[in-house]
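Subject: Structure handover

Hello,

Here is the structure we spoke about. Please open it alongside this note; what I found follows below.

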Amino acid sequence: MASSDANHAVWLRGIEKRFPGVIACAGADLRVRPGTIHALLGENGAGKTTMVNVLAGVYRPDGGEVWVNGQRRFFQSPADAIAAGVGMVYQEFRLVPTLTVAENIVLGAAPRVLRSAEIEERVAELSAAYGMAADPTRPVWQLSMGERQRVEILKALWRNASVLVMDEPTAVLTPGEAAELGAALRAMADDGRSIIYISHKLDQVVAFCDEATVLRQGKTVATVDDLQDVDLTVLAEMMVGSSEGGYVDRPPEIEAGPEVLSLQGVSALNDRGLPALTDIDMTVRSHEIVGIVGVSGNGQKELAEVINGLRRPTQGRVTVKQQDVTDMAPGDRYRLGLAYVPEDRLGVGLAPKMSVVDNAVVRSYRSQRRGLMLVMAKCVKFCQDLVERFGVRTGRLNDPIAGLSGGNLQRLLLGRELAEQPAVLVAAQPTRGLDVQGVAAIQSHLVAQRTEGVGVLLISEDLDELLALSDRLLVMYEGRVVTELAPDVTPRSVIGEAMAGQVRA
Amino acid sequence: MSEDALIGLFVATVQFGTLVFLAALGELIAERAGVLNLGVEGMMAMGAVSGFMVGLETGSPWAAFFAAAAVGALVGGFHALVSVVLGADQVVSGLALTIGGLGLAAYVGRNVVGERPETLFTDLGIAGLADIPWIGEIFFDQPPVVYLAVLLGLAVWFVLARTRLGLALRAAGESAPTTDTAGHSVMALRSGAVMVGGAFAGAAGSFLSLYMAPGWVEGTVAGRGWIAVALVIFGAWRPGRLALGALLFGFTLALQPRLQSFDIEVLGVELNRISPALLGILPFVLTVVVLVIISWRYRHRPSPAPAALGLPYRREER
Ligand SMILES: Nc1ncnc2c1ncn2[C@@H]1O[C@H](COP(=O)(O)OP(=O)(O)O)[C@@H](O)[C@H]1O
Ligand SMILES: [Mg+2]
């Protein structure tokens with residue numbers, strides 16, 4: 001049974017999807033014409049991933065219709081969606097690290113008996129045909145993020161997907177790699193495939209998409225038939241629902257104070273035993289925000305870990321307030337004045353199954369004691385203060401924190417780290433995945449800390465955030481600080497090149 | 001020490017090795033798919049008692065053997081239902097299986113304690129080879145289950161390494177969401193693996209009650225199920241190493257009851273003065289040593305342990 005209007009490759013109609021406590025999609029629509037690249041835009045949490053997961057058969061919608069190539073579909077599993085021609089590159093890659101590139105590509109669509117040589121040859125042919133280099137014999141854990149993404153795309157091409165969904169593909173790519181991806185996607189669209197491209201980076205979207213759908217709070221708020229005709233600021237407004245960009249104002253000029261954090265010739269290995277940091281020298285002074293720019297995976301994670309004592313450097317010294325802390329345990333560093341908001345909020349930063357109170361006092365429990373015992377009343381008081389000061393919206397303080405939304409988790413975490421007036425704050429991806437208000441709240445706390453004299457090391461993938469907040473920018477590439485730039489006078493193109501390791505003299 | 005005693009020791013080594021190899025091979029299949037099953041001991045007991053009773057009834061060792069495998073698969077199915085389909089904690093479910101399986105086996109077998117079946121597995125005596133001195137007796141004059149175990153080991157290796165099913169199974173043990181979104185049913189793969197694993201354990205149990213210690217008494221399995229669980233780790237989740245480890249563990253099991261009668265010295269220690277109980281913990285000590293070596297050798301690359309081992313999977317949860 002064909003639809004009344006067969007001129008679409010994908011038609012998601014009035015999709016509804018609820019999760020415990022959230023409505024991710026509240027009647028959203030998406031319609032994609034064959035052979036086009038269609039941008040799905042929206043802020044973090046708008047419901048983009050949920051929407052395409054419905055298309056991929058991962059989520060069963062609570063309401064709405066799914067049409068693919070003119071046919072109504074009722075997917076019971078990802079297998080059904082694959083059979084209908086939907087190929088998906090997930091935001092968090094779906095690859096098995098221990099398997100080879102070839103094994104990952106054929107997984108789910110392999111011949112009954114595997115002959116490695118034959119499969120590897122066919123995979124090599126496929127990757128050559130689409131100009132996507134990938135050594136079929138290498139295990140995936142050895143690949144860079146960009147290479148992994150190529151494997152994901154090849155996986156969809158191996159099944160000859162007619163619809164290819166890419167969920168935030170450029171978050172892990174350099175600007176150069178992103179442009180290459182754009183060209184590859186165009187070639188696929190010219191082949192007759194339809195592509196759904198999810199992003200919140202408007203400049204890229206305009207550069208290589210044909211049409212767009214904008215989601216806000218689980219609803220479709222706009223569709224654009226020709227992206228060449230629209231004004232970027234109009235699109236941005238549609239996404240956030242107001243003309244505000246979501247970034248706080250530039251902090252006022254303050255003379256930087258004494259050095260509070262330094263790294264001297266620091267080198268370290270990553271989990272695989274390969275060099276992750278090489279000879280890093282940097283200082284952070286009181287009253288300044290130092291931004292770390294770089295494509296993720298260039299040593300940022302290891303940098304934060306070395307500073308906070310979660311990873312041992314192979315060489316060099318780390319000092320906090322001029323004191324050598326290279327061999328100091330993380331807890332002692334904290335008590336010396338080093339606060340840390342880790343990238344992995346719910347794994348490293350907070351314990352999901354513990355209560356709000358327990359998570360709040362886990363750093364400063366020593367001041368809530370009488371003798372050997374924790375005084376619960378003191379803990380609760382401490383937590384209440386924190387919740388109030390940082391505007392954490394929570395249910396009961398004794399409930400596990402797993403139920404809190406991302407923004408409130410981050411407010412709690414930041415509040416806890418700032419509770420005992422640190423001298424240095426290392427914040428890794430502090431606003432990733434938060435809604436507009438959450439982003440603004442966290443950013444204004446960072447700026448306020450700077451005003452009060454804290455030295456902030458801000459590690460972020462969001463270039464706009466770094467440009468808005470930082471006093472100085474350090475660019476990391478392959479484990480080195482390749483250059484220092486001034487955020488207000490450096491053209492973006494120069495920053496982009498530096499992120500790709502090309503530094504102009 | 002007499003030559004006969006020494007040959008007897010090696011003959012028993014092969015048989016004990018077969019016993020733990022079969023059970024461990026089943027556990028390996030389940031674990032490679034991502035499901036830890038600590039119920040091997042209980043599944044072996046259920047296999048031992050049911051195999052023995054079917055043997056009494058039918059007089060056919062093969063009917064008994066396959067009945068035991070079917071019962072093992074059924075018990076494994078219970079673990080699959082609880083931990084894979086309903087997503088309960090695998091450790092709790094597995095331990096319940098061991099405790100419950102041992103108890104249920106004792107109950108089911110209460111009326112056949114002390115009986116002996118008429119027909120049991122007999123040694124094969126492979127023509128031409130069985131007459132070779134030493135080697136012939138140790139390797140070529142064994143019950144058919146020994147050779148079946150070798151074939152099963154090869155088959156499991158082939159399926160895991162060389163087939164679509166094996167690839168899917170390994171993927172399910174490494175990352176369930178990846179396997180699911182590639183179009184395989186994680187639930188079917190894992191449930192199937194646990195049930196096949198149960199069949200192997202049940203069959204191993206019947207090898208005990210139909211051949212190695214014919215008859216049924218409570219406590220027949222005597223911790224060999226736990227040795228099988230340890231053996232999977234010792235073998236680093238690989239069928240080939242599992243086979244080598246099985247011979248080593250089989251040797252300690254065979255030596256245990258004979259130790260006191262060996263009046264020889266090894267490295268200045270008189271063997272018959274060593275307590276057999278000490279020998280009994282050797283497999284576990286070796287396993288811990290191997291575990292430490294593994295975590296050291298694999299500190300910079302993915303460990304051979306399936307990454308998703310013990311983690312339940314539900315599609316819409318994150
Ligand atoms: N599996 C899930 N379980 C619970 N909540 C979820 C799940 N997936 C998404 N959500 C919630 O649904 C909302 C929309 O999320 P998502 O679709 O990932 O947004 P986007 O991709 O646009 O950033 C968010 O509030 C998110 O927390
Ligand atoms: Mg998303």
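What does the domain assignment of chain A give? Two entries: domain 1 covers 10-240, and domain 2 covers 259-350 + 404-499. Please keep in mind that this is a predicted model.

Domain 1 against domain 2

The centres of domain 1 and domain 2 of chain A, taken over C-alpha atoms, are separated by 31 Å. The salt-bridge count between domain 1 and domain 2 of chain A is zero.

Chain B against chain A

Now the interface of the chains. Here 24 residues of chain B are in contact with 33 residues of chain A. The area buried between chain B and chain A is about 2,400 Å². Carbon and sulfur atoms give 62% of it. The rule finds two salt bridges across this interface. K17(A) and E316(B) meet through their side chains in a salt bridge, at 2.5 Å from N to O.

Salt bridges overall

How many salt bridges does the rule count over all chains? The count comes to 30. Within chain A, the side chains of E288(A) and R472(A) form a salt bridge, at 2.8 Å from N to O. E288(A) sits in the loop between β12 (275-285) and β13 (289-293) of chain A, and R472(A) in strand β21 (residues 472-477), so this pair ties together parts that are 184 residues apart in sequence.

A helix pair in chain A

Look next at helix α4 (residues 116-129) and helix α5 (residues 145-158) of chain A. They pack at an angle of about 105 degrees, and their axes are 10 Å apart. That angle makes α4(A) roughly perpendicular to α5(A). From α4(A), the residues R122(A), V123(A), L126(A) and S127(A) take part. They meet L154(A), L157(A) and W158(A) in α5(A). By class, this contact has five nonpolar residues, one polar and one charged.

Best wishes

Notes
Residues are numbered from 1 along each chain as its sequence is written. Chains are lettered from A and ligands numbered from 1 in the order in which they are written. This is a predicted model: local features need pLDDT of at least 70, side-chain atom pairs count only at pLDDT 80 or more; totals for chains, interfaces and linings use all residues. Side-chain values use heavy atoms; hydrogens and water are left out. Axes are lines fitted to C-alpha atoms, for helices over the stretch in contact, and angles run from 0 to 180 degrees between N-to-C directions. Helices (H or I, at least four residues) and strands (E, at least two) are DSSP runs, numbered from the N terminus. Angles under 35 degrees count as roughly parallel, over 145 as roughly antiparallel, 65 to 115 as roughly perpendicular and the rest as oblique. Contact means heavy atoms within 4.5 Å. Ala, Val, Leu, Ile, Met, Phe, Trp, Tyr, Cys and Pro count as nonpolar, Asp, Glu, Lys and Arg as charged, and the others, Gly among them, as polar. Domain bounds come from an automatic or database domain assignment. A salt bridge is a side-chain nitrogen of Lys or Arg within 4 Å of a carboxyl oxygen of Asp or Glu. Buried area is the accessible area (1.4 Å probe) that two parts lose on being put together, summed over both.
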